[in-house]
Amino acid sequence: MNGVANLMLAGDTDVGEIAFVDLKSQQRRIRARIEARLQAVLDHGRYIAGPEIEELEALLAEKTGAAGAVACASGTAALIIPLLAAGVDTGDAVFLPAFSYNATANAVLLTGATPVFVDIDPATFNMDPDDLERRIAEVKARGALRPAAVIPVDLFGSPADYRSISAIADRNNLFLLADGAQGFGGRLDGAWIGNLAPATATSFFPGKALGAYGDAGAILSQNLGTLEQWMSIRWHGTDSARKNSVCVGFNGRMDSFQAGVLLEKLAIFDEELEARTMIAEIYDRRLSNLASPQRHIEGAQSGYGYYSVRMDHRDDVAAALKAKGAPTAVYYSTPLHKMPAFEKFAPAEPLTATERLCEEIISLPMHPYLTPDQAHYVCDCIEAALASFRD
Ligand SMILES: Cc1ncc(COP(=O)(O)O)c(C=O)c1O
């Protein structure tokens, strides 16, 4: 237990323990099938490049509508590989939102390119296309860097504004790489994340909506032509016979055990996505008048990797919820351009929407095994906490 004996709804219903992310219930549900998958890897012994890898790649492509998929060691590897393949290098500017996980910026810097931070839309929390245009114009006017790529992030699972950003990328000849690390299951106009940009990186970190039992990720492509080069970079830059180095690469491979786990989790993903969406609908309904839940652009459905909302008194509400047995998290309290590793790339003027969001953002418990009663309990706690700050 989390130190709180009974979590009661107003109607005297005990809602039980609330987890922020619940991997145990999911494991109980599919444990036998996962064990069979792990056993199969032990039996065939191909721990690297086992048959599970190709099976997973085919299923990921089928599920998302992408032309193909490349299984990787992590979401970070899945970001770096397409950037290297696109020739992104020293002297290049790569545009990314200032409100993201540090891995997005790290991937850019590891290629030798320079990150250019873009502000976000205060309602969707995703890259603001108007600010992107402004930043591209600034880089062009200064002339020191070549605008080379843009990496929108599907924050918390909500698709970025690919309609606008694809057009901007086309007009400015930028390579468009989607950071869908948090986005698996998100859709825009019916198309899944993975099929919304020429290249999409996703993460299967255990806590993600589709998570492995260790580190893993994948690159999804709308174009079969890119796959061979990505696979080569993933395997130390070797040719398909794995004899000669044909480009610079590294060990970016996923192992067979992780692929086996992911195959079983993918089999229940649609049901889990439906359950996440049902919880999000309760939160939306209950919280829209109290705070500002993340909005999704027209035609978009979130994969609800996380459910996040901006609110006044964020830290006090988090403390009140913790005392009531409802865990929360803050992603992110510091914008990328204010972190020591990246501050030298900060723009001269503040990124207002990003900086304000860092003070107000909070993520609530979100997973497919959360019950409607638990979601209502979280909302009751938020309502009570906010009312106490008004008094
Ligand atoms: C937005 C974003 N990009 C990239 C990553 C990196 O993924 P991984 O941890 O699998 O390398 C993450 C992981 O949390 C992320 O949230």
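Modeller: By class, the shell around the ligand holds 6 nonpolar, 7 polar and 2 charged residues. The model is a predicted one.

Biologist: How many residues surround the ligand, and which are the closest?

Modeller: There are 15 residues around the ligand, and the closest are G75, T76, D179, S203 and K208.

Biologist: Which atoms of the ligand lie by G75, D179 and K208?

Modeller: Take them one at a time. An oxygen atom of the ligand is 2.8 Å from a backbone N or O atom of G75. For D179, an N or O atom in the side chain lies 2.8 Å from a nitrogen atom of the ligand. For K208, a polar side-chain atom is 2.5 Å from an oxygen atom of the ligand. On its own the ligand has 390 Å² of accessible area, and the protein covers 91% of that.

Biologist: Which elements give two or more residues to the shell around the ligand?

Modeller: They are α3 (75–85) and α4 (102–110). The largest share of the shell comes from α3, with 3 residues.

Biologist: How should I read a helix such as α3?

Modeller: Start with the general idea. An α-helix has 3.6 residues a turn, so residues three or four places apart point the same way. Then look at burial in this case. In α3, 8 of the 11 residues are buried, so the helix is largely enclosed by the rest of the structure. The buried residues of α3 are G75, A77, A78, L79, I80, I81, P82 and L83.

Biologist: What is found at the N-terminal end of α3, and what follows the helix?

Modeller: S74 caps the N-terminal end, with a side-chain oxygen 3.3 Å from the backbone nitrogen of T76. After α3 comes G87, whose phi is positive, near 80 degrees.

Biologist: Are N173 and D189 buried or exposed?

Modeller: N173 counts as exposed because its relative accessibility is 67%. D189 is exposed too, with a relative accessible area of 55%.

Biologist: Where is the cis peptide bond?

Modeller: The bond from Y331 to Y332 is cis, with omega near 15 degrees. Y332 is in the loop between α10 (314–323) and α11 (352–360).

Biologist: How is a pair of aromatic rings described?

Modeller: A pair of aromatic rings is described by the distance of the centres and the angle of the planes. The count for this structure is 14 aromatic pairs. In one of them, F156 and Y306 have ring centres 6.1 Å apart and planes at 70 degrees, so the pair is edge-to-face. This pair links distant parts of the chain, 150 residues apart. F156 is in the loop between β4 (146–150) and α6 (162–172), and Y306 is in the loop between β11 (300–301) and β12 (307–310).

Biologist: Why do F156 and Y306 count as buried?

Modeller: The cut-off for buried is under 20% relative accessible area. F156 counts as buried because its relative accessibility is 0%, and Y306 because its value is 12%.

Biologist: Which pair is stacked?

Modeller: Y304 and Y307 have ring centres 6.2 Å apart and planes at 25 degrees, so that pair is stacked. Y304 is buried at 7% relative accessibility, and Y307 is buried at 3%.

Biologist: Which residues do ring pairs link into a cluster?

Modeller: The cluster consists of F20, F99, Y101, F125, F156, Y306, Y331 and Y332. Two of these names came up at the cis bond, which runs from Y331 to Y332.

Notes
Residues are numbered from 1 along each chain as its sequence is written. Side-chain values use heavy atoms; hydrogens and water are left out. A residue is near a molecule or strand if one of its heavy atoms lies within 4 Å of it. A polar contact is a pair of N or O atoms within 3.5 Å; within protein, one must be able to donate a hydrogen and the other to accept it, and residues adjacent in sequence count only if both atoms are side-chain atoms. Accessible areas come from the Shrake-Rupley method with a 1.4 Å probe; for residues, only the protein chains shown count as cover. Helices (H or I, at least four residues) and strands (E, at least two) are DSSP runs, numbered from the N terminus. Ala, Val, Leu, Ile, Met, Phe, Trp, Tyr, Cys and Pro count as nonpolar, Asp, Glu, Lys and Arg as charged, and the others, Gly among them, as polar. Rings of Phe, Tyr and Trp (its six-membered ring) pair if their centres lie within 6.5 Å; planes under 30 degrees apart count as stacked, over 60 as edge-to-face and the rest as tilted. Buried means under 20% relative accessible area, exposed over 50%, partly exposed in between (1.4 Å probe, protein chains only).
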